Amino acid sequence: MKAAVRYYSKKGNTRLVAESIAEAVNTDPVSYDDPEAGIEEPVDVLFIGSGLYAHTIDKQFLQYIESLDPEKIGKAVVFSTSWISRHSNELIRDALLKQGIPVQKASLYVRSNVISEHLKDAGAFAARSMRETPLIMPEEKPEKEAAAEAENEEPDEVTESTAESVYEFTVRDNQGNDVPLSDYAGKVLLIVNTATRCGFTPQYDGLEALYEKYREKGFEILDFPCNQFAFQAPGSDEKIDSFCKLKFDTKFPRFSKIKVNGKDADPLYNYLKSVFPGRIKWNFSKFLIDREGHVVKRFNPTDKPESLESDIMKYLG
């Protein structure tokens with residue numbers, strides 16, 4: 001059987017794992033941006049992976065996957081070298097399936113802080129993967145993805161083209177009740193799409209600290225769980241709410257799970273993105289709303305809650 005090894009990372013650990021895999025399957029590892037990275041001759045197995053967080057994988061790498069010819073690849077095996085970058089496995093997997101390439105169900109994760117101890121494991125994993133293993137076929141949808149697609153929100157009558165403030169939108173709380181955002185008129189709001197199994201989930205501590213500090217001055221945090229990013233917000237609204245209260249002692253309002261990108265995105269998020277254009281990149285993107293309901297600032301997932309304090313104080317007055 002013939003194999004190829006392709007990897008994407010700005011760190012040396014991923015290259016070390018790629019080299020270990022390549023040695024086990026008698027080939028050479030090649031970075032995705034190398035001129036020789038194309039798969040010109042058919043291979044039975046393509047080992048492909050990264051050592052980066054899912055939200056930092058750039059378009060060039062995804063475009064490389066889109067350039068692969070499914071007729072020349074028997075199956076793909078995904079690997080990663082960081083605990084949080086394990087979620088990039090799912091992003092890579094979905095891109096491969098979209099391209100029509102079957103993907104092995106088992107993926108490899110090697111902890112970068114003990115990488116020297118696990119290189120042999122990487123080679124053994126590669127050897128096992130050359131044999132027959134369970135696959136996800138392109139026409140199949142993983143159970144989590146199928147469940148996520150079934151959770152389509154009903155369209156709202158107000159769209160981003162007619163709305164002048166967030167007060168024109170109605171959302172659902174985690175009990176399924178409609179909540180007009182006009183209920184929050186006169187308050188400064190921070191709207192956040194969240195997840196319970198994300199590398200940014202500890203930001204709940206910082207968000208709660210802000211809420212406790214400024215709540216009495218008219219500040220509210222509106223929490224919208226979203227399962228669109230590597231399925232990191234699994235479970236029911238009730239379970240998500242229970243987790244956040246038990247783990248982080250959160251007291252700010254939490255709403256029903258929504259979608260923030262794509263054709264089924266919640267109308268509120270279409271409006272937010274019309275004011276500050278661009279797709280939501282990942283969990284814990286944040287929008288600040290002034291007391292008149294206008295969107296005044298957008299923050300990235302990497303912006304820690306404590307870094308928002310000066311902006312919140314500015315609009316609280």
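1. Phe284 is buried, with a relative accessible area of 0%; buried means under 20% relative accessible area, exposed over 50% and partly exposed in between (1.4 Å probe, protein chains only). Phe284 is not a glycine, yet has a positive phi of about 70°. Phe284 lies in the loop between helix 8 (267–275) and strand 12 (286–289); helices (H or I, at least four residues) and strands (E, at least two) are DSSP runs, numbered from the N terminus.

2. This is a predicted model, in which local features need pLDDT of at least 70 and side-chain atom pairs count only at pLDDT 80 or more, while totals for chains, interfaces and linings use all residues. Residues are numbered from 1 along each chain as its sequence is written, and side-chain values use heavy atoms, with hydrogens and water left out.

3. Asn26 also has a positive phi, of about 60°, without being a glycine. Asn26 sits in the loop between helix 1 (12–24) and strand 2 (29–31) and is exposed, with a relative accessible area of 74%.

4. On strand 12, Lys286 and Leu288 point one way and Phe287 and Ile289 the other, and all are buried. In a regular strand the side chains alternate between the two faces of the sheet.

5. Strand 12 pairs in the antiparallel sense with strand 10 (residues 188–194) over four bridges, and with strand 13 (residues 295–299), again antiparallel, over four bridges. Two strands pair if DSSP finds at least two bridges between them. Phe287 is the bridge partner of Ile191 and stands opposite Arg298 in strand 13.

6. The hairpin of strand 12 and strand 13 has five residues between the strands, and Gly293 there takes a positive phi near 85°.
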